[in-house]
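Me: Got a model open here and want to talk through a few things. Can you start with the strand pairing?

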Amino acid sequence: MIKNILNLGDAALYCDFGKEVNKETNTQVIRYFKSIQKENISSINNLSPSYNKLIISFDLKKTNFKDLKKIIENLNITNEDNLKNKTIEVPVCCDENFALDIVRLEKKLNLKREKIYENFFSKEFFCYMTGFIAGMPFLGDLSENMRAKRLETPRVKVPKGSVALTEQFANIYTFESPGGWNVIGNSPLTIFDSSKETNPNLINPGDIVLFKEISKKQYENYNE
Amino acid sequence: MSKNYFQVIRAGINTTFQDEGRKNLYHVGIPFSGAMDKRNYFLSNKLVGNKINSPALEFAYQGPLLKYFGNKINIAITGEVNFKIKKKDIIIDGNCYQSLNLENGDEIDILSTNKSVYGYLAIGGQIDLEYQWSSCSTNTKAIIGANDGKKLENEQVINISQLNNQSMERKLNYINTKIENIRIIKGTNFDYFSDKGKKIFLEKEFVVSKLTDRMGMRLEGPKIENVIDTNIKSEGLIKGVIQVPADGNPIVMLSDHGTIGGYPKIGVVISADYDKLVQLSPGSKIKFKQVDLSSAENLFKLYDLETQNLISQIE
């Protein structure tokens, strides 16, 4: 449930679902997000679900904070059976040329790379949110012994397809972009496809992601 | 039937096609985009007889040099822009906020925006552009929108698929006023900052840095001290949000901003002041003034009414 609705500036509602970042809180956020989306409220410009917040930005010509807040508070929020989530398998090649930060991670986590990959590939991930850059999924949760901080100095360019870790999360760089996450491999899978008008993101909030290791050869042949 | 088009001789620094932007895509990771200074964008279209939300060319600092081939066409430029029209025998100093006629072989040379950042060139007719998610707005970072998601390039062509029928004689008396202060509403993390930090934010002057583009505006000045945490759990952003990272220098989110951010939000620029904010060029001084929500709503109503009045004055 929403604990509190504040205004963010004069044209957005800031809905707080509580302090904790966990699957239960995030599932509530996603439930609200999907229910509001279904209502097609014409004054709403955008919905931004994240770990434990939902930001609803609106057209100030059509409504205002007070009126929209009332509408959101009185909405019927659909229950679980309306959440249809997919399970997506993401191939990852961990060739040394792709695993830019594996040496750093071995030191920081005090784990051998075999163990790091074993932990990573045996994990089932949950997509909390997508964004920052188009289509980038924020996936959790890594176990306690797999949590490392960001790079001290972020990279100016992280290659497209990079699979990277930081704190309790994994993500996939859908574009070449600046970034400070620890890169452990690269996926040949297209995660964001701008030619798709209806659903450009392969992975959406609430989806389950499984990573599967592939060889350099499989990687090279993947898109043929 | 002859083809009507502009040849791009010089593309300019950051010239893109923009319209009102695209909505309902933040959750995918795609920002709103669209014309930075909406009022000037709407006015440019009205001056050439287009629907006010038609695609127009937005340029920053130095604009493009274009040569026109085809039947008579109307154009208009808005903002504070120095430009020249080169006809067969003469060069005319261009005036903003009036429709101009171009003939086959004429050139339009947009030299600079004067003490501002963005200007708009509207073309009377329909530009041949691709739309993505019902908007042509080019977002060069995500490589989406018109022109294959890229800014205008030298030697490319801008095709006009349809010209507006009548030639226009439209003009507006308008001066872009400067404002002393940018008004803000307190952000959701206002209390992350020390009393001294809050005071600095609301009372001191900041300078717009060179690291400013369509994504964000970085400010320099006295450091704003954080006493709680320099990171928050990543969450959504909207344009106008002022984030303060660990270095204490505020960053204002602009139309092409990243959709998720993890720095504390000290304030949000009110909607009424956004068009003026984006026109502040690097080196400009900026001071924030706090207002409450109901004042911000009223100020927006006034601003919107003023824009509507200006649009309706153009006939």
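Reply: This is a predicted model. In chain B, strand β3 (residues 56-60) runs antiparallel to β10(B), and four bridges join the two.

Me: Which residue stands opposite Y118(B) in β10(B)?
Reply: That is A60(B).

Me: What about β5 of chain B, how many bridges join that strand to β10(B)?
Reply: Four bridges, and the two strands run antiparallel; β5(B) covers residues 73-78. Within that pairing, A122(B) in β10(B) is the bridge partner of A76(B).

Me: How many residues of β10 in chain B are buried?
Reply: Six of its six residues, 118-123, are buried, so the strand counts as mostly covered by the cut-off of 20 or more other C-beta atoms within 10 Å.

Me: Which way do they point?
Reply: Y118(B), Y120(B) and A122(B) point one way, while G119(B), L121(B) and I123(B) point the other way, and all are buried. In a regular strand, side chains alternate between the two faces of the sheet.

Me: Switching to chain A. What's the secondary structure?
Reply: Chain A has five helices and 13 strands. The radius of gyration of chain A is 19 Å, close to the 17 Å the globule rule gives for 224 residues, so chain A is as compact as a globular protein of that length.

Me: And what does the C-alpha trace of chain A span?
Reply: About 55 × 40 × 35 Å along its principal axes.

Me: How much of chain A is buried?
Reply: 42% of its 224 residues. As for contacts in chain A with a separation of 6 or more, 62% are between residues 24 or more positions apart.

Technical notes. Residues are numbered from 1 along each chain as its sequence is written. Chains are lettered from A and ligands numbered from 1 in the order in which they are written. This is a predicted model: local features need pLDDT of at least 70, side-chain atom pairs count only at pLDDT 80 or more; totals for chains, interfaces and linings use all residues. The radius of gyration is taken over C-alpha atoms; the globule rule is 2.2 Å times the number of residues to the power 0.38. A residue is buried if 20 or more other C-beta atoms lie within 10 Å of its own, exposed if 12 or fewer, and partly exposed in between; C-beta atoms are placed from the backbone. Two residues are in contact if their C-beta atoms, placed from the backbone, lie within 7 Å. Two strands pair if DSSP finds at least two bridges between them.
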